[in-house]
Amino acid sequence: MWMCECPCGDSLVSLEHSRLSDCWNLSSTLCPCSGPVSRMSKCLTSWKDYYQWRCIPLHSPVALLLHWPLMVYHATQLAAMRNLSAEITNKLCIHYLGPEKELLQLAVFGELHALFPSVQVHIELIGPAIPESRDGERVDLYTYAHCIETDCMCKSSSGNTCWDVCSGRTSAVTLRLHKGFYHERFQDIVKDSIPHLVIAPNAGIAAYSSWLPTIELIKELNVPAVFSDYCEEASHLASCCISTVTGHPMTIPIQLNPFRQPMVIEDSALFLPCYSNCFLFGI
């Protein structure tokens, strides 16, 4: 799961690789390899909140991968706070646009078990980077990603299986992959999956004209959509493009994402601070 976070691994990474890597390669004290020791008592608003809740030391690097599910969590909170989405009861359906690196890090989405307890989370991942061989692939995450210790309870089925406390049954975070653009695949996807929320991480909307028909589709859907980008300037350009299509300003204004990846992108072409999932905005 770590390879594509390092430039030295770029030549070795292949999105055709379909085997789910489900190990943090960290000790149990450094990663969330099992369920939380306590219920979430308040909404999480920072990495410090998250690390304290999950009993992980702040020097643990897991935030470098967990920014994907924490972005999903925070986007859902933003939509709920602004009364943009219906109240989530026992099922949450998300249409997740443009995944790339995530395809090699899917196991980290198992953390959604902890972030949305007693909720069946279903995510449709749609994007042109998905290989043809993985189009239609379904991944059911019944557990959290494992630590490296052989004797940890996360290795036992009873110790790491996620249970729905209301029904008493095992629950899965379900992921399904679709190759192509959202506006091209939508009619097939929506037959089985009507979204509560659309999420597009690191979207680069101003840079790609292919976003135009997708934004028009989201406008017609009338469901909340949250986008992210690497820097504030890109977010401003994106919000202008979106407002031009929708005829309205952003419902969720541009703001720093407290769960952005905490490692600067050093090879950026921009002379600006750039981080993965750095700024959020939405309609």
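Colleague: What should I know before reading the values?
Modeller: This is a predicted model, with residues numbered from 1 along each chain as its sequence is written. Local features need pLDDT of at least 70, side-chain atom pairs count only at pLDDT 80 or more, totals for chains, interfaces and linings use all residues, and side-chain values use heavy atoms, with hydrogens and water left out.

Colleague: What makes up the secondary structure of the protein chain?
Modeller: Seven helices and eight strands. Helices (H or I, at least four residues) and strands (E, at least two) are DSSP runs, numbered from the N terminus.

Colleague: How many residues does the protein chain have, and what percentage is buried?
Modeller: The chain has 283 residues, and 51% of them are buried. Buried means under 20% relative accessible area, exposed over 50%, and partly exposed in between, with a 1.4 Å probe and protein chains only.

Colleague: Which share of the contacts joins residues 24 or more positions apart?
Modeller: Of the contacts with a separation of 6 or more, 79% do. Contact means heavy atoms within 4.5 Å.

Colleague: Why are Cys147 and Cys152 called buried?
Modeller: Cys147 counts as buried because its relative accessibility is 1%. Cys152 is at 13%, so Cys152 counts as buried too.

Colleague: Where is Ser193 found, and is Ser193 buried or exposed?
Modeller: Ser193 sits in the loop between α5 (182–189) and β5 (197–200). Its relative accessible area is 2%, so Ser193 is buried. Leaving aside neighbours within four places in sequence, Ser193 is in contact with Cys93, His95, His122, Glu124 and Arg176.

Colleague: What makes Ala238 buried?
Modeller: Ala238 has 0% relative accessibility, so Ala238 counts as buried. Ala238 is found in helix α7 (residues 232–246). Beyond neighbours within four places in sequence, Ala238 is in contact with Ile205, Ala206 and Phe281. Ala238 and Phe281 are 43 residues apart along the chain, yet their C-alpha atoms are separated by 9.1 Å.

Colleague: Is Ser41 buried or exposed?
Modeller: Exposed, because its relative accessibility is 75%. Ser41 lies in the segment before α1 (47–53). Twelve residues separate Ser41 from Trp53 in sequence, and their C-alpha atoms are 8.9 Å apart.

Colleague: Where is helix α2 kinked?
Modeller: Helix α2 (residues 63–81) has a kink of about 35°, centred on Pro69. The bend at a residue is the angle between axes fitted to the seven residues ending there and the seven starting there.

Colleague: How many residues of α2 are buried?
Modeller: 17 of its 19, so α2 is mostly covered. Just after α2, Asn83 takes a positive phi of about 55°.

Colleague: Where are Asn202 and Asn277 found?
Modeller: Asn202 is in the loop between β5 and α6. Its phi is near 45°, a positive value in a residue other than glycine. Asn202 is buried, with a relative accessible area of 14%. Asn277 is in the loop between β7 (252–256) and β8 (279–282). Phi of Asn277 is near 55°, again positive in a residue other than glycine. Asn277 is buried, with a relative accessible area of 0%.

Colleague: Why are α6 and α7 called oblique to each other?
Modeller: The axes of helix α6 (residues 211–221) and α7 come within 10 Å and cross at roughly 55°. Axes are lines fitted to C-alpha atoms, for helices over the stretch in contact, and angles run from 0 to 180 degrees between N-to-C directions. Angles under 35 degrees count as roughly parallel, over 145 as roughly antiparallel, 65 to 115 as roughly perpendicular and the rest as oblique. Therefore α6 and α7 are oblique. Leu212, Ile215, Glu216 and Lys219 of α6 make the contact with Ile242, Val245 and Thr246 of α7.

Colleague: What are α5 and α6 to each other?
Modeller: Their axes come within 9 Å and cross at roughly 40°. So α5 and α6 are oblique as well. Tyr182, His183 and Phe186 in α5 meet Pro213, Thr214, Leu217, Ile218 and Leu221 in α6.
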